[in-house]
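Have the model open as you read.

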Amino acid sequence: MRVPPPTVLTACLVTLLVLPNSIRAQTEPCIPPIRPFLPSDPRDVQAYADLLRQDFETYIRDFGTYLRCLDTERARVFQEGQEVTADYGRFQELTAGPRPAPAE
């Protein structure tokens, strides 16, 4: 049985330790608020004014929460992208040596 080199084992362990955080970050998506309905008939607007007012106020509150969520997710993804780019640069440096000829 061939045992993988220590660096491969280390990479696997790090992946397993970091994976739960990545999954957790993705399990709470930013959910956009539902746009309130405004009836076209003014009599309906008057009849349901309290309900409509509540729908609009909920939308406005949820809209702010949604934008904050998007800002947080954008910052997280941007940071992750920088880290992955740096990792890829290190990968390229480690594999920059002569490449073996393709097997035929």
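A quick word on exposure: buried means under 20% relative accessible area, exposed means over 50%, and partly exposed is anything in between (1.4 Å probe, protein chains only). This is a predicted model, where local features need pLDDT of at least 70 and side-chain atom pairs count only at pLDDT 80 or more, while totals for chains, interfaces and linings use all residues. Residues are numbered from 1 along each chain as its sequence is written, and side-chain values use heavy atoms, with hydrogens and water left out.

How many aromatic pairs does the structure hold? There are 2. Rings of Phe, Tyr and Trp (its six-membered ring) pair if their centres lie within 6.5 Å; planes under 30 degrees apart count as stacked, over 60 as edge-to-face, and the rest as tilted.

| Stacked pair | Centre to centre | Angle between planes |
|---|---|---|
| Y59 and F63 | 6.0 Å | 25 degrees |
| Y88 and F91 | 6.0 Å | 20 degrees |

Y59 and F63 sit 4 residues apart in helix α3 (residues 49-94), about one turn of the helix. Helices here are DSSP runs (H or I, at least four residues), numbered from the N terminus. Y88 and F91 also lie in helix α3, 3 residues apart. Y88 is partly exposed at 48% relative accessibility, and F91 is partly exposed at 45%.

Now the cysteines. A search of the whole structure turns up 1 disulfide (a pair of cysteine sulfur atoms within 2.5 Å). The bond joins C30 to C69, with S to S at 2.0 Å. C30 lies in the loop between α1 (6-27) and α2 (42-47) and C69 in helix α3, so the pair ties together parts 39 residues apart in sequence. The torsion about the S-S bond of C30 and C69 is about -85 degrees, so the disulfide is left-handed.

Definitions and conventions. Helices (H or I, at least four residues) and strands (E, at least two) are DSSP runs, numbered from the N terminus.
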